[in-house]
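Morning, everyone. I have one structure to show today, and I want to walk through how two of its chains meet. Here it is.

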There are 4 protein chains.
Amino acid sequence: MEAQLSLKGCFPPIPTPFNGQGRIAHDRLELNLEKWQTTPLAGFVVLGSNGEAVLLREPEKLAVWETARAAIQKDRLLIAGTGCEATVETLELTEKAARCGADAAMVVTPHYYKGKMNHRALLAHYTFLADRSPIPIVLYNVPANTGVDMTGETMIALAEHPNVIGAKDSSGNIVKIGQVASVTQGRFQMLAGSGGFLLAALAVGAVGGVMGLACVAPHLVAEIVSSFEKGDREKARETQGRLIPVNAAVTTRFGIPGLKAALDILGMYGGPVRSPLLSLRKPEKEELQEILRVGGLLNG
Amino acid sequence: MEAQLSLKGCFPPIPTPFNGQGRIAHDRLELNLEKWQTTPLAGFVVLGSNGEAVLLREPEKLAVWETARAAIQKDRLLIAGTGCEATVETLELTEKAARCGADAAMVVTPHYYKGKMNHRALLAHYTFLADRSPIPIVLYNVPANTGVDMTGETMIALAEHPNVIGAKDSSGNIVKIGQVASVTQGRFQMLAGSGGFLLAALAVGAVGGVMGLACVAPHLVAEIVSSFEKGDREKARETQGRLIPVNAAVTTRFGIPGLKAALDILGMYGGPVRSPLLSLRKPEKEELQEILRVGGLLNG
Amino acid sequence: MEAQLSLKGCFPPIPTPFNGQGRIAHDRLELNLEKWQTTPLAGFVVLGSNGEAVLLREPEKLAVWETARAAIQKDRLLIAGTGCEATVETLELTEKAARCGADAAMVVTPHYYKGKMNHRALLAHYTFLADRSPIPIVLYNVPANTGVDMTGETMIALAEHPNVIGAKDSSGNIVKIGQVASVTQGRFQMLAGSGGFLLAALAVGAVGGVMGLACVAPHLVAEIVSSFEKGDREKARETQGRLIPVNAAVTTRFGIPGLKAALDILGMYGGPVRSPLLSLRKPEKEELQEILRVGGLLNG
Amino acid sequence: MEAQLSLKGCFPPIPTPFNGQGRIAHDRLELNLEKWQTTPLAGFVVLGSNGEAVLLREPEKLAVWETARAAIQKDRLLIAGTGCEATVETLELTEKAARCGADAAMVVTPHYYKGKMNHRALLAHYTFLADRSPIPIVLYNVPANTGVDMTGETMIALAEHPNVIGAKDSSGNIVKIGQVASVTQGRFQMLAGSGGFLLAALAVGAVGGVMGLACVAPHLVAEIVSSFEKGDREKARETQGRLIPVNAAVTTRFGIPGLKAALDILGMYGGPVRSPLLSLRKPEKEELQEILRVGGLLNG
């Protein structure tokens, strides 16, 4: 039996760069990836929530994955965000992502019919997909965007499927992360879905995280993981604590516009967002800059 | 100045019929529309939430609108559900719907980035759209699906735009419906977004409703409107009260699978749903049948 | 069989006046009641949520009811708010209220253990109480304060009890109000729990309302009821629409501090609130004054 | 300057035992405390949420504290739950608890007027109290009961007060716990408010926990703390993971009735609950017993 793909470590869900005309800036995407690969990131989630995936057309998505695959070294993972509302459409997009070279697919819960996305429906959706997908499936639970909150019970049931290898959980429900990690005993890999609870998630059995924070502070999130593994509780706690305000700024507070503005401030390419998202206004950018400064991200 | 398109009356958001292979059953759509047009419905919403729009590909959507337009008499409205997450994509789809003959577009709030869909973002999104759309725009607020709840303040601001003619509100917030109707004084048309509060909405100034209930009880919802207008409060109340359990069954309780099953029971075509939705199971269908019987929909 | 106590009409849940030392100002309470009784109010709820009941000790409560009973004419109802967390304590307080002359008790759902306040628990609580109470019980559902939302199913079940005569529902769920009124067919009296949806509630079968708004606009809320009953839909709608911003101001927006400030502005006695509530600050008072002015409550 | 009272370790919020007549069973309380004091618990919270405090009258509360103080050894803390809705009443009850020998007061957020319990109101409430209280104050945030969620910002502001020494947070928001612990740097003691996230809370800087789970598994929760402190991550994680289902059973799932039933099963005294709470039914008790068995709490 083949060894399971390892999701250990930190993964940034990268934003999709647009140029001034609103088209995808493939050259900027390459440059960003080049810079991130000078850091200890384990791989990249391409076209997750932060990638504005729902604002892209399918041909754009394929082009982004192709560019990313060419730019990402073979020892780092490309995890493609392929979840759509319809089950069949999700499978077809997952197959296309695989053909573009994705190592795994991260699949958000369907959510428009949220009242009906119960245990039975989610089990059927992901089982259909995992049975047929040429690449492993990572579940993606993000109630802040979807209004659907996949239960631990559903994750534990899906963990039985050999082609479902883990879950990114952004709900912040640390009890659920601990419960799933505990019951699945290492055969299912839990990932913190936000940089604010990376350390807590590691403590209860997660193997890493997929976190917007990793886009702007790749060295520091990796340091949390390494301090934790070395048993340096004090250092891990200190770094995690210091990053909480930064994490809040590039997620709930300022969202994708904030994440992109932060990249611009840090000398990478953020650029504009797509409508209906709105770019940050000047006072917001200044506040963000101050938060990055206090968090120690601007020195040097 | 041209008279505004009237949204007075009852509109069913019709389900999209699929055949056993999961493809769109255009012949069944035509037959359903033919039957509905023997009733006093004012028009049809094609590809709203009940139409499983998020589970269709764009070419399928255009084909559905074309079939519907050909089948719908000229004195009844075809309102197309055209909302996408991206603003530009929404505009392009609205333009295509217009070319298919839609009289108006009903545009759901973007919602994946719900934390950012504030007053300013929604104003910008809808204004961009309304400025360019060849057909009038009807706002569509449905927090149960989107997790976004457009405020009365936003509706009132958008009501200033000459190409935004009304709103379907499914939130059940009767105070908001009354507030918007009161402030906009007839230049903006409020529509009850669920058959459970049609009478209440009329009482506070709505002009009609877009309601799944209208698919299965077109005569009775129309009777609520006519009783209300004639001042027959007792009759309006009695009919409304009797329909509440039926409405709950084909909306929150059993959802689209329930609406389709109800159509099958009533001798129209419901048929299967698309995955990840799941069809009703036998005990659910039996319960639904009993609810329809008690509601007086099976006699004759 | 005795006729049921009628809850028809408008009832203000009156605030409890405190003097500058934080003690109950019985003289002010008498003066307020005297003024309100020059208007067509059907009675008074004394020590509901607006009465800061949870901030009073039991001897204070009894003293307030005694003062109120002496001041309230016999043809107007005194409805006492007697709900406590514990079932037995609620019964004992209800018995004391009856001895003070209350005509009925309005009993809020217990709520601290909200996860356990299900159908079965609420049924047991209210049945125990109604079996023993010397005065009729009015259910009181106010999720904005309690976090508990009594279902229509529970109300319908409790409506079977001869000593449970109605319910004040502040949830704003107009479908539930219609459903309960429809199923209970007049043997159970529904009351709108907020002035924002009085007209809508009447339309679906409510007999009146218990509304903070009735403290500041007693003539106007009574006018909504009379216009509705005369079939003057336009007038009812106009008055209801005009009062929505005023209602919001003295409820959700500014709360009890706002209601008391409004009374002060209108020449009655509002006075201070008890801590942890905070009185309005100057800019808030000015905004409130403007809302009252626009609502037409300051002329003359 | 005096050293701050240490909240390090595990504290059970103990249930209040009632006899068959619904009166407080002081003898049982003594016996329970005796047994618990053969374990490494750091102290006891007497009359917190689990103590059914809201269902007790004031004289009962004082009697419970007196019995508890006499039974609790001097090297273990008695933390009294003293929060009421009114600020002044809370202070008076806190003073009485101090006279009964409480070492500290744990004060739940006022919550009936939840819409008004903002940063400013909570700051004023707790500052008034802390300024005057003869014993240190521990904040208590439990949104599942109160519907109020005290922010990290409010906690950080209150941490400035020398008489506010920590907070029990039951929200499960591990980011907030980490943030407050990080910013307050040890001068403010965070306590996990539920046994499901004790390990995660320790990892981000909490000093211990106040957890219903500590009533039924005192040795095991203490073991999580000691394993964590020794750096035995694997053991800490294993124990935490194993306790998650037990914790869920005696909190959200079965509530206080479940906690009391668990004590009965474990050979301590649980006994009946007070109405409106309902005791577990037979199938629930059997399920609970099975959960305790699987969790390893019944062997021996």
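How much area do chain C and chain D bury between them, and what share of it is on carbon and sulfur atoms? About 3,400 Å², with 56% of it on carbon and sulfur. Keep in mind that this is a predicted model.

Now the head count. Chain C puts 41 residues in contact with 41 residues of chain D.

Next, the charges. The rule finds six salt bridges across the interface of chain C and chain D. Take Arg57(C) again. Its partner in a salt bridge is Glu92(D), and the closest N and O atoms are 2.4 Å apart.

Which elements of chain C give two or more residues to the side that touches chain D? Helices: H3 (87-99), H4 (119-132), H5 (143-146), H11 (233-253) and H12 (255-265). H4(C) gives the most, with four residues. By class, that side of chain C has 19 nonpolar residues, eleven polar and eleven charged.

Let's turn to symmetry. Chain C can be laid on chain D by a turn of 180° and a shift of 0.0 Å along the axis. The RMSD is 0.0 Å. That is the relation of a two-fold axis. The same surface serves both copies, too: 100% of the contact residues of chain C recur in chain D. If you want to find the axis on screen, go to Gly147(C). Of the residues of chain C, Gly147(C) comes closest to the rotation axis, its C-alpha being at 3.1 Å.

Last stop, the sheet inside chain C. Nine strands form an open sheet, and the pairing is parallel. Read across, the order in chain C is E1-E9-E8-E7-E6-E5-E4-E3-E2. Which strands sit at the edges? E1 (9-11) and E2 (13-14) of chain C, each pairing on one side only. For one pair in detail, look at E7 (164-169) and E8 (189-192) of chain C. These two run parallel and pair over four bridges. Within that pair, Gly166(C) stands opposite Gln189(C) in E8(C).

That's my tour. Over to you.

Methods
Residues are numbered from 1 along each chain as its sequence is written. Chains are lettered from A and ligands numbered from 1 in the order in which they are written. This is a predicted model: local features need pLDDT of at least 70, side-chain atom pairs count only at pLDDT 80 or more; totals for chains, interfaces and linings use all residues. Side-chain values use heavy atoms; hydrogens and water are left out. Contact means heavy atoms within 4.5 Å. Buried area is the accessible area (1.4 Å probe) that two parts lose on being put together, summed over both. A salt bridge is a side-chain nitrogen of Lys or Arg within 4 Å of a carboxyl oxygen of Asp or Glu. Ala, Val, Leu, Ile, Met, Phe, Trp, Tyr, Cys and Pro count as nonpolar, Asp, Glu, Lys and Arg as charged, and the others, Gly among them, as polar. Two strands pair if DSSP finds at least two bridges between them. Copies are superposed by least squares on the C-alpha atoms of residues with pLDDT of at least 70 in both.
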